[in-house]
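Please keep the sequence and the model open while reading.

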Amino acid sequence: MVLLHGLCEDRAVWSDVAATLAPWGRLYAVDLPGFGASPLPASPEMGLYARAVLDILEAEGVRTCVLVGHSLGGYVALEFAARYGTHLAGLVLVHSHPFADSPERLQDRLRSIAAIESGRKDLFVRQLFGNLFAPTFAEAHPEVVESAIHIGLRQSEAGIIAALKTIMGRSEHTQTLCQCPCPVMAILGEQDRLIPWELTKKAVECASAPTVHLLPEVGHMGMLEAPDLVAEKLRDFWLNRIAASAISH
């Protein structure tokens with residue numbers, strides 16, 4: 001199983017989930033290009049992010065995997081599915097979706113890039129994560145929110161800008177989901193203010209073997225807001241759906 005993080009994050013956001021999943025098999029939490037310990041991509045292209053994941057699989061001798069992507073990581077996972085689908089035993093979108101940016105969203109991203117380029121990265125990061133958690137959770141667990149902000153603040157301006165530009169240019173992947181030959185699962189937050197769960201649920205349900213889990217009272221950061229529940233859903237997907245798929249083939 002390969003875990004991909006979201007924007008302004010690195011593999012550390014998966015720490016609690018990974019600790020629960022580790023006994024069940026080979027687990028990789030990846031720093032996407034420009035984040036954590038990974039170098040910047042040569043250019044802001046989603047194909048390069050997907051290729052970076054494939055390079056890790058090949059280096060580790062992994063032929064097939066369950067690919068799990070949070071937000072930006074979900075966009076990368078979908079691009080990977082479109083290009084390298086034979087390497088997938090399962091695909092999981094965590095607070096993510098297959099749609100391209102709307103014109104309004106593109107303008108928001110351009111404003112974000114301008115803010116970071118003008119030296120306001122810290123403000124951008126704090127505002128970003130301030131909107132990603134369910135309000136009740138954020139009030140009850142400010143230390144978790146602050147920990148996520150800390151992860152965001154240690155990412156480079158260049159890495160964040162490259163990712164924003166990559167997100168802006170990504171492809172629409174509804175058909176990728178519909179044509180995906182492996183089991184597909186979505187883990188969505190009932191109180192996610194960034195990703196409308198209803199649209200993602202509808203898109204995922206066109207897949208040949210879909211599973212959708214809606215997490216109650218959870219925003220956009222399920223792996224931090226409800227790590228045990230997210231780990232449980234991922235583990236069950238691996239043990240039940242993937243094993244059943246392997247038997248049927």
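The largest nonpolar core has 81 residues, and among these L7, F129 and L234 touch the most other members. Helix 3 (residues 72–84) gives the most to this core, with eight residues. The model is predicted, and the values below are computed from it.

- Beyond its neighbours within four places in sequence, L234 is in contact with M1, L3, W14, V17, L21, V68, V92, M185 and I187.
- F237 belongs to helix 12, which spans residues 227–248.
- F237 has a relative accessible area of 2% and is therefore buried, the limit being under 20%.
- F237 and G90 are 147 residues apart along the chain, yet their C-alpha atoms are separated by 8.5 Å.

**Aromatic pairs**

- The structure holds two aromatic pairs.
- In one of them, the ring centres of F80 and Y84 are 5.3 Å apart and the planes stand at 65°, so the pair is edge-to-face.
- F80 and Y84 are both in helix 3, four residues apart, and about one helical turn separates them.
- Both F80 and Y84 are buried.
- The rings of F133 and F137 have centres 5.8 Å apart and planes at 10°, so this pair is stacked.
- F133 is buried at a relative accessible area of 1%, and F137 also counts as buried, at 13%.

- D101 is located in the loop between strand 4 (88–94) and helix 4 (103–117).
- With a relative accessible area of 14%, D101 is buried.
- The side chains of D101 and R109 are joined by a polar contact of 2.5 Å.
- A polar contact of 3.0 Å links the side chain of D101 with the side chain of R170.
- Not counting residues up to four places away in sequence, D101 touches L106, R109, I167, M168 and R170.
- R170 also lies over the face of Y75, at 4.0 Å from the ring centre.

**Cysteines**

- A search of the whole structure finds one disulfide.
- The disulfide is formed by C178 and C206, with their sulfur atoms 2.0 Å apart.
- The torsion about the S-S bond of C178 and C206 is about -110°, so the disulfide is left-handed.
- C178 lies in helix 9 (residues 174–178), while C206 is in the loop between helix 10 (197–204) and strand 6 (210–215), so the bond ties together parts that are 28 residues apart in sequence.
- C178 is partly exposed, at a relative accessible area of 27%, and C206 is partly exposed as well, at 30%.
- C182 counts as buried, at 5% relative accessibility.
- C8 is likewise buried, with a relative accessibility of 0%.

Technical notes
Residues are numbered from 1 along each chain as its sequence is written. This is a predicted model: local features need pLDDT of at least 70, side-chain atom pairs count only at pLDDT 80 or more; totals for chains, interfaces and linings use all residues. Side-chain values use heavy atoms; hydrogens and water are left out. A disulfide is a pair of cysteine sulfur atoms within 2.5 Å. Helices (H or I, at least four residues) and strands (E, at least two) are DSSP runs, numbered from the N terminus. Buried means under 20% relative accessible area, exposed over 50%, partly exposed in between (1.4 Å probe, protein chains only). A polar contact is a pair of N or O atoms within 3.5 Å; within protein, one must be able to donate a hydrogen and the other to accept it, and residues adjacent in sequence count only if both atoms are side-chain atoms. Contact means heavy atoms within 4.5 Å. A nonpolar core is a set of buried Ala, Val, Leu, Ile, Met, Phe, Trp, Tyr and Cys residues joined through side-chain atoms within 4.5 Å. Rings of Phe, Tyr and Trp (its six-membered ring) pair if their centres lie within 6.5 Å; planes under 30 degrees apart count as stacked, over 60 as edge-to-face and the rest as tilted. A charge sits over a ring if NZ of Lys or CZ of Arg is within 6 Å of the ring centre and within 35 degrees of the ring normal.
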